[in-house]
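Here is a short briefing on selected local features of one protein model. Please read it alongside the sequence and coordinates.

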Amino acid sequence: MKRLIGLALALFGMVMPGIAQEKRSFTLEDVMPGGRQTSSLQVENQNLAWWGDKLVKLGNDALLTVDLKNGSDTPFLQLDEVKTLLKQQGLGNLGSFSSTRFIAGANKALFRTSTHMVAYNLDSHAVEAAIPLQGTQNVDVAQQTMRAAYTRENNLFVFSGDREIQVTNEPKGILCGQSVHRDEFGIKKGIFWSPKGNLLAFYWMDERMVTDYPQVDISTRIATLVPDKYPMAGMTSHVVKVGVYNPETQQTVYLKTADPVDRYFTNVSWSPDEKSVFVIEVNRDQNHAELIQYDAQSGEKMAVLYEETHPKYVEPEHPLTFLPWDNNKFIYQTERDGYNHLYLFDLAQKQEGKWQDCAAGGKCIEHVKVTPITSGDWMVKSFVGFSPSTKEIVLQTTAVTPIDFTLMAVNVLTGKQRELGTQEGSHRASLSESGKWLLDNYTSAKIARNIDVLPLVGKVKTLNIMTASNPMDALNLPEVTVGTIKAADGQTDLYYRLIKPLNYDPNKKYPAIIYVYGGPHAQMITNTRNYAAGGWDLYMAQKGYVMLTVDGRGSDSRGLNFENATFRKLGTEEMKDQMKGVELLKSLGYVDENRIGVHGWSFGGFMTTDLMLTYNDTFKVGVAGGPVINWAYYEVMYGERYMDTPQTNPEGYDGNNLTLRAKDLKGKLQLIIGGNDPTCVPQHTLSFVRACINAGTQPDLFIYPGDGHNMGGRDRVHLYTRITQYFDDYLK
């Protein structure tokens, strides 16, 4: 469900310079994605990429190199020149340079046109290779060899030299080269080129045994059945294998793994010498992970390098990262000590492993030498890259606070840490090819956007590429504050975001709305623009509502114990923490205790419905979007990780099956779904409405025909217009 997060959206942009403007009110058309005026609130940005150690600005009409001493830029390639050449050679249209990539160690750029992937020589200004991509999906290019792998329908193809080779020829129901396990475990793709581009690993998935969920296409004269393979918790799941294809021999071998039934194959990685493939394998109970090395030529199992168990669950989400200066050592990420940290594995030092206790309550066994690189009560959020000359790795972490994603460099040999850049806000970064330069793009509650180039080697000063002005300075915005309260356990600090009504009067009583998500892998409050408050939250405060969000236990960026406090009983602890938010609202003195509402989507839709039923004397109005109603109807991977199966945890599944409590609905509840939701399938909401009819309670239902789990474009503006009207009608 983490892939569905996205309702809390930060909005950035620019104000016309030099023009004094009176603060103005705003509408949903201004602040919601799909709105007609949202483009005017987009923050200024620079589209930048590294070409070796050169910083390149990917302009609309030209590529420009940026001088790392003074920030000036010099054009070296015009878009019209490239477009003319491509047109002459029948290689499609290049609309812009925005997606340009540069091939490491070569003076070549990769352009994706309307029909081809093109390798362009920046010295000779000539096309060196062109790969036809019309009608393809899941394209992945090995830059060193200019081979491309892609899928067409359900099969895998490779373009090598000047011809296309069909790698698989499977019947319908078997998918090759595509993402598997419903994008859980950090899986985002199904094609994995080896480091030098000589071999290709790929996922093979048989889902013919998975039950069809009967989605319906209503755009045809008579509605058409469009089945969706959807393995619900406790039911038969798909079977996955990992293949390795050699373009030279055109032969495929499959890794000789354990029985692929009820097993997850995650985080496929290659050794630098292309001789080994590594896979982190997880059992269906998701409480035992094994890092296994396979021979890439034969598919034979070579060694189990590491194992980890936990009484609740393990969740590997990151592939291995080998050190660029030592092919025997790689970095492994795990939460075994309670927070996601990095560990250095040495393949050259095998050992007789023994099971050992981990700080997070699990156990692990190391079959090679393992050395911790980072540790502490904070998380590594992402791995940025290496600086080989200093033997450092650059990371995005929560080392400062759980809501600031800042940068640090850590020496792999000594563990010594140093801060990089400003130590507040949310930073995104990329390293130059040599690791000497770091591009740091960040925002905070105070800064709309700032882009710096930081030197990792030498005493060169930091170069500011740009500092954006704040478009929302033109708007009459409400006050947004962040603080902490204690969780229901009386010990854990929870972050909250409070937005006061515009033109707040302490002598008035205002209605309040809690915007909630509450589930794993989601964090609603970060130190970004408006502390990540969505445009709708700001809009409702403008209309006179108090808006509150609390990141309770079960949510992201606070460590394993914080997240898995909800294990086998989703909704229970999370609701207790939301009620601590209600206590905060009631303590303010300006909130009308009889006018408290709640809204959320996906897991937040589940929370909204649950709160309306469980605390039905507290919440007067709720709007639940795309809700989970019965976790037995949710998918195997996510559902069983946090709930186990309906067969092994019947009390847990009954306890949060909201159809069993339909009779408890008192307030006004509107349910909103996409008519073809492939994630929280319509059966959830329809079964709840049926239960309410049987119980004599009266929810409202609105369906967006043809839409999926979220509404996009103009539908999104329509959606939030409807949500707003519902609260105005029944809460205000």
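**Briefing: a threonine, a sheet and a helix**

The side chain of Thr-566 reaches the backbone oxygen of Glu-563 at 3.4 Å. This is a predicted model.

**Thr-566**
- Thr-566 lies in the loop that links α4 (560-563) to α5 (572-587).
- Its relative accessibility is 1%, under the 20% cut-off, so Thr-566 counts as buried.
- Leaving aside residues up to four places away in sequence, Thr-566 touches Arg-553, Gly-554, Glu-573, Glu-574 and Tyr-642.

**The four-stranded sheet**
- The strand order is β5-β6-β7-β8, in an open sheet with antiparallel pairing.
- β5 (101-102) and β8 (126-132) are the edge strands; each has a single partner, so one side of each lacks a neighbour in the sheet.
- Five bridges join β6 (residues 108-112) and β7 (residues 116-121) in the antiparallel sense.
- Ala-109 stands opposite Tyr-120 in β7.
- Helix α2 (residues 79-88) packs on this sheet and touches β6, β7 and β8. The direction of α2 makes about 120° with that of β7.

**Helix α7**
- Helix α7 (residues 636-643) is mostly covered, with eight of its eight residues buried.
- Among the buried residues of α7 is Tyr-642, which is also one of the residues that Thr-566 touches.
- The buried residues of α7 pack against β20 (263-270), α4, α6 (603-614) and α8 (650-655).
- Asp-644 follows α7 and has a positive phi, near 60°.

Notes:
Residues numbered from 1 in each chain as written. Predicted model: local features only at pLDDT ≥ 70, side-chain atom pairs only at ≥ 80, totals over all residues. Heavy atoms only, no water. Helix = DSSP H or I, 4+ residues; strand = E, 2+ residues; numbered from the N terminus. Buried < 20%, exposed > 50% of the residue type's maximum accessible area, 1.4 Å probe, protein only. Polar contact = N/O pair within 3.5 Å; in protein donor to acceptor, adjacent residues only side chain to side chain. Contact = heavy atoms within 4.5 Å. Pairing = 2+ DSSP bridges. Axes fitted to C-alpha atoms, helices over the stretch in contact; angles between N-to-C directions.
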